[in-house]
Amino acid sequence: MSRSMSFFIFIALLVFAPICFSFKSNNGGLYPQYYHKSCPRAQEIVKSVVAKAVAKESRMAASLLRLQFHDCFVQGCDASLLLDNSRGIVSEKGSNANRNSARGFDVIDDIKSALEKECPQTVSCADILALAARDSTVLSGGPTWEVPLGRRDSRSASLSSSNNNIPAPNNTFDAILSRFKRQGLDVVDLVALSGSHTIGNSRCTSFRQRLYNQSGNNKPDSTLDESYAAQLRNRCPRSGGDQNLFSLDFVSPTKFDNSYFKNLLASKGLLNSDQVLATKSQASLALVKQYAENNALFFDHFVKSMVKMGNISPLTGSSGEIRKNCRKINSS
């Protein structure tokens with residue numbers, strides 16, 4: 001073979017290699033086509049069950065989206081959050097971030113049941129969480145994206161990591177950013193992913209201190225709009241009403257859009273962890289302003305950050321297992 005022909009083949013390989021391999025290379029072995037042969041209808045089935053659940057209760061979209069956050073921030077995206085208490089397992093559902101708050105587990109069960117009928121022990125619970133989060137976003141009017149797949153399920157859970165890794169509603173900006181950085185995420189991911197609070201609800205107990213005693217001086221949070229605070233006090237008294245629900249985005253509570261960021265600029269973020277994005281960091285404030293002005297930019301960054309978060313320490317290959325029931329590990 002001539003030297004010129006060898007050079008031509010070498011160049012051709014360089015040109016076409018990205019086409020052949022790029023869908024696997026950037027996401028730790030995960031790629032959207034993972035179930036194309038083993039369970040071709042997997043994504044269709046997940047979307048169908050999620051759509052029925054959201055049609056029945058619009059709030060469910062935010063609940064399912066939140067499950068992936070609370071799973072990935074604890075020992076990676078491995079569905080550890082879904083495990084119930086059992087011998088050797090202390091469930092993450094009992095952590096401060098999840099107790100009386102995390103929900104949607106029955107919907108995940110319904111998805112798993114449908115998938116087990118279609119293709120037994122093939123689609124992981126971790127991938128179900130990732131797909132359900134995407135579909136919930138789309139059904140609420142948000143952006144769509146190709147979800148890298150191929151995660152496997154853990155055989156363990158970590159209550160302590162759930163308590164320590166998931167940001168709390170009353171955390172400072174620095175504490176929240178530190179927890180994001182611990183997962184390999186940055187300030188752009190923090191602000192973009194916080195935008196998921198454009199849908200869903202929060203309990204009175206999660207923001208009461210802002211209304212009455214933000215800094216231990218029996219005064220409300222000075223960064224909270226006074227008229228908005230007065231409205232909140234009507235259903236969130238100093239004591240009682242802990243479980244009363246409030247929209248995280250009072251302008252368009254069931255629509256996935258950028259009004260959440262506009263609320264922050266008007267000092268009408270519900271949680272302390274929301275409002276600090278606009279008051280405690282110039283970098284995050286700049287992003288809040290950009291997203292408030294440009295919904296398309298918010299959607300673009302949100303999609304990239306969701307894919308990035310979904311790639312936190314996945315179990316792949318022979319690690320972990322494919323659970324038959326998302327609530328318990330398989331019998332050995």
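The model is a predicted one.

The largest pocket holds about 1,100 Å³ of space. Its lining comprises 44 residues, and those closest to the pocket centre are R66, H70, P167, P169 and H197. Several elements each supply at least two residues of this lining: helix 3 (60–72), helix 6 (159–165), helix 7 (173–182), helix 8 (187–194), strand 1 (201–203) and helix 12 (272–279). Helix 3 makes the greatest contribution to the lining of the largest pocket, giving seven residues. By class, the lining of the largest pocket is made up of 19 nonpolar, 18 polar and seven charged residues.

Helix 2 gives the most, with six residues. The class composition of the lining of the second largest pocket is six nonpolar, one polar and five charged residues.

Helix 3, which gives the most residues to the lining of the largest pocket, also holds L67. Is L67 buried or exposed? Its relative accessibility is 2%, and because buried means under 20%, L67 counts as buried. Apart from neighbours within four places in sequence, the residues in contact with L67 are L81, A102, R103, G104, F105, I108 and L129. A further pair places L67 relative to R152: these two residues are separated by 85 residues in sequence, and their C-alpha atoms lie 16 Å apart in space.

The last part of this account concerns a helix pair. Two packed helices are described by the angle between their axes together with the distance between those axes. Helix 13 (residues 282–293) and helix 14 (residues 295–309) pack at about 120 degrees, and their axes are 5 Å apart. An angle from 65 to 115 degrees would count as roughly perpendicular, and one over 145 as roughly antiparallel; helix 13 and helix 14 are therefore oblique to each other. Where do helix 13 and helix 14 meet? On the side of helix 13 the residues are Q290, Y291 and E293, and on the side of helix 14 they are N295, L297, F298 and H301. By class, this contact has three nonpolar residues, three polar residues and one charged residue.

Terms used. Residues are numbered from 1 along each chain as its sequence is written. This is a predicted model: local features need pLDDT of at least 70, side-chain atom pairs count only at pLDDT 80 or more; totals for chains, interfaces and linings use all residues. Side-chain values use heavy atoms; hydrogens and water are left out. Axes are lines fitted to C-alpha atoms, for helices over the stretch in contact, and angles run from 0 to 180 degrees between N-to-C directions. Helices (H or I, at least four residues) and strands (E, at least two) are DSSP runs, numbered from the N terminus. Angles under 35 degrees count as roughly parallel, over 145 as roughly antiparallel, 65 to 115 as roughly perpendicular and the rest as oblique. Contact means heavy atoms within 4.5 Å. Ala, Val, Leu, Ile, Met, Phe, Trp, Tyr, Cys and Pro count as nonpolar, Asp, Glu, Lys and Arg as charged, and the others, Gly among them, as polar. On a 1 Å grid over the protein atoms alone, a cavity is a set of points where a 1.4 Å probe fits but cannot get out, and a pocket is an open set with protein on both sides within 12 Å along at least five of seven lines; lining residues have an atom within 4 Å of a point. Grid points are joined across faces, edges and corners, and a volume is the space filled by probe spheres set on the points. Buried means under 20% relative accessible area, exposed over 50%, partly exposed in between (1.4 Å probe, protein chains only).
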